[in-house]
Amino acid sequence: MGAPHIPAAAPDGGLPVRPHLGAGLPWPDLAAGLAVVALGGLALWQALVIPVSPIYAQVGPKAVPFAVVGGLLLLGAGLVYEALRGGWSHGLEEVRDAPPANRRAFALLLAGLVANLALIGPFGFSLAATVQFVLVAAAFGSRRFFRDAALALALTLATWFLFVELLGVNIGAGVLEELVLRVLGREPAA
Amino acid sequence: MTDPFAGLALGFGNALTLANLGWALLGCLLGTAVGVLPGIGPALTVALLLPITFKVGATGAFILFCGVFYGAMYGGSTTSILLNTPGESGSIITALEGAKMARNGRAGPALATAAIGSFIAGTVGTLGISFLGPIVVELALQLGPAEYFALMVLCFVTVSAVLGGSALRGLTSLFFGLLLGLVGIDLQTGQPRLTFGIPELLDGVNVVLVAVALFAVGETLYLAWRHLEGPQEVRPVGRITMSRADLRRSVGPWFRGSFLGFPFGVLPAGGTEMPTMLSYYAERRLAGPEARAEFGTSGAIEGVAGPEAANNAAAAGILVPMLTLGLPTSATAAIMLSAFQSYGISPGPLLFEQQAELVWTLIASLYVANVMLVALNLPLVGLWARILQVPRPLLYAGILVFATIGTYGISNSVTDLVLLYGLGLVAMAMRRFDFPTAPVVIGMILGPMAEQAMRQALTISQGDWTTFVTRPVSAAILALAALALAGPRLYAAFARRP
């Protein structure tokens, strides 16, 4: 179906629309369609291994999973078909006017997420999140590492106390949190 | 209790206590802030605030959530006007004329008409909730599980296939959400489903995790991927005044927008895009010749006043199906619905009877929040605009800190964080390929409820699947859903014929 035409809010003046050059198959769209088919396949495998219920039920536990699997496989096939007929990405304004991919920013951001995964277990939330903060800020072009680190320390500690003390979320105290708790003269809970 | 006047009297009595006023104020402040900040929206904020359901009573928590929901609508217009980057789909149209007014040094009147328009629309919408809600409840009490199932199917179709760029992609998002909702133990038979044998998944996939992955992690990853070096330009606010002419030109659009927006919000069609767009075209058509010349050139105030009112009224309308039927038609409403579940309150028509005090206090608080918001936004809009000066690197880094703690707090599990970042990558791809994210959240939360309604209906009919089409109301709703799905395509096929 055609989307209702929303006049674009983005660049003023409007760039001339570049015609799509039909350079072979739109591989990205095809990959997206195939990914949906693969998701359907994965779900099908999981739906097949649902144990048969010993409890009587008018509709068993498998009915809806199979319906969802069927839907996903059909939709995936539809997307693949659409991709083979030229795809849809070239019609998206966001893709057409997008700046080139910024691999440096993306890599730094991913590094921040991975650093957090690695550090949060042994050192606790605040330290891991501080490292993540500095890396993410760098990804978006910040050059002031020491200011970022200082800000991050304050923010992550404040966030930890906000969640733990005010919202009552149970998040174990890490290295930094224990330090602050001791300075405040309180024993960190085991 | 279904008498609106008695209900409102009860509600205001509770809403005007100091504690509840405090929750409303906190929600309004938070909501305006997240509305102003690009990259965070009400859905993400409510998801991150869900832990308070363990600490605070239901009334306080829902007043807070609704304050955030309404506040974000006010704040969103500020960003559209001053930055020309609409924070959410409902503000796209506001950015159209509002940003042009700002470029011509008329940011002040644009912000003022948006704030007052939001107030009028919010009040009209809340009146609508108060008086329409009980009527819907009366009707809804007659519905059985089969009708409920049909309603949910209609809801699924409209949120995924009718709105947005493509029915195929919208439905794919929906089915992805339905799949996520299936993970965990089947409540009726106790069988584990789609858990890949991982014990952590027996409890299902956490709603907070999915919302944070979709709305924070995926968005940040996408923005990094597309990051352009260079500062953003924020237009100066100027003085927040409206001339007599501005006022005269705004009044009509405010009310037309409100009355146009509210019904769209109430219908399970959901969404704020359609009413804002209709309001924009209506105002452009109705405008006088000199005003029409301003449309698309120097920025017409009617083009801000009308769509902004429509946006807010539609947002208020979304609360009607949420509170009366338990049907969420936006991502934020879906997350609020999961908050009801965490209190053990089952949303639906019985809510007005069993939780009359909660519902009416909530509705009364919406009036209070509206007054607070117009007070916070008219004189203080310059202050909010200053939030826009937060450097982007720090903003996105901060969003990820909150995303991380919100998810890590669920169970102190690194597995959850791996899942969060993995789903974030999926969300980034969804953004790149124009798959909408709201149907994922709605499918995930509403899916299990739909399955339950379907099984109840089939238990009642003793396994007879025709029950969905032989009961007239259920059949009519399903026919409507089929029409919503097939109608636009049939129309397009006819239109293409020579």
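What share of the 190 residues in chain A is buried? Buried residues make up 32% of them, where buried means that 20 or more other C-beta atoms lie within 10 Å of a residue's own, exposed means 12 or fewer, and partly exposed is in between, with C-beta atoms placed from the backbone. This is a predicted model, in which local features need pLDDT of at least 70 and side-chain atom pairs count only at pLDDT 80 or more, while totals for chains, interfaces and linings use all residues. Residues are numbered from 1 along each chain as its sequence is written, and chains are lettered from A and ligands numbered from 1 in the order in which they are written.

**Chain A from end to end**

- Chain A has 7 helices and 0 strands; helices (H or I, at least four residues) and strands (E, at least two) are DSSP runs, numbered from the N terminus.
- Read from the N terminus, the elements of chain A follow the order α-α-α-α-α-α-α.
- Take the contacts in chain A between residues at least 6 apart in sequence: 61% of them join residues at least 24 apart. Two residues are in contact if their C-beta atoms, placed from the backbone, lie within 7 Å.

**What the UniProt record says**

- An unreviewed UniProt entry lists residues 30–52, 64–84, 104–137 and 149–176 of chain A under "transmembrane region". UniProt positions are given in the numbering used here, feature names are shortened, and annotations may be inferred rather than shown by experiment.
- Residues 104–137 of chain A are 97% helix and 0% strand, with end C-alpha atoms 12 Å apart.
- Residues 149–176 of chain A are 71% helix and 0% strand, and their end C-alpha atoms lie 14 Å apart.

**Where chain A meets chain B**

- How many residues of chain A are in contact with chain B? There are 65 of them, and they touch 70 residues of chain B.
- On the chain A side, the elements giving two or more residues are helix H1 (27–48), helix H2 (63–84), helix H4 (103–123), helix H5 (125–139) and helix H6 (145–166).
- H2(A) provides the largest share of that side, 9 residues.
- Sorted by class, the chain A side has 46 nonpolar, 18 polar and 1 charged residues. Here Ala, Val, Leu, Ile, Met, Phe, Trp, Tyr, Cys and Pro count as nonpolar, Asp, Glu, Lys and Arg as charged, and the others, Gly among them, as polar.

**One helix pair across the chains**

- Two packed helices are described by the angle between their axes and the distance between the axes.
- The axes of H4(A) and helix H9 (residues 207–225) of chain B come within 7 Å and cross at roughly 145 degrees. Axes are lines fitted to C-alpha atoms, for helices over the stretch in contact, and angles run from 0 to 180 degrees between N-to-C directions.
- H4(A) makes this contact through Ala105(A), Phe106(A) and Leu109(A), and H9(B) through Thr220(B), Leu221(B), Ala224(B) and Trp225(B).
- By class, this contact has 6 nonpolar, 1 polar and no charged residues.

**The largest nonpolar core**

- A nonpolar core is a set of buried Ala, Val, Leu, Ile, Met, Phe, Trp, Tyr and Cys residues joined through C-beta atoms within 7 Å.
- The largest one has 224 residues, of which Met152(B), Ala211(B), Val212(B) and Val441(B) touch the most other members.
- Helix H4 (residues 58–83) of chain B gives the most to this core, with 15 residues.
- Domain 1 (27–96) and domain 2 (103–183) of chain A both give residues to this core, so the core lies between them.
- Apart from neighbours within four places in sequence, Met152(B) is in contact with Leu327(B), Leu446(B), Met449(B), Ala450(B) and Ala453(B).

- Leu34(A) lies in helix H1 of chain A and is partly exposed because 14 C-beta neighbours are inside 10 Å. Leu34(A) and Leu79(A) are 45 residues apart in sequence and 7.9 Å apart in space, C-alpha to C-alpha.
- Phe196(B) sits in the loop between strand E2 (192–193) and H9 of chain B. Its phi is near 55 degrees, a positive value in a residue other than glycine. Phe196(B) counts as exposed because 11 other C-beta atoms are within 10 Å.

Notes:
Domains from an automatic or database assignment.
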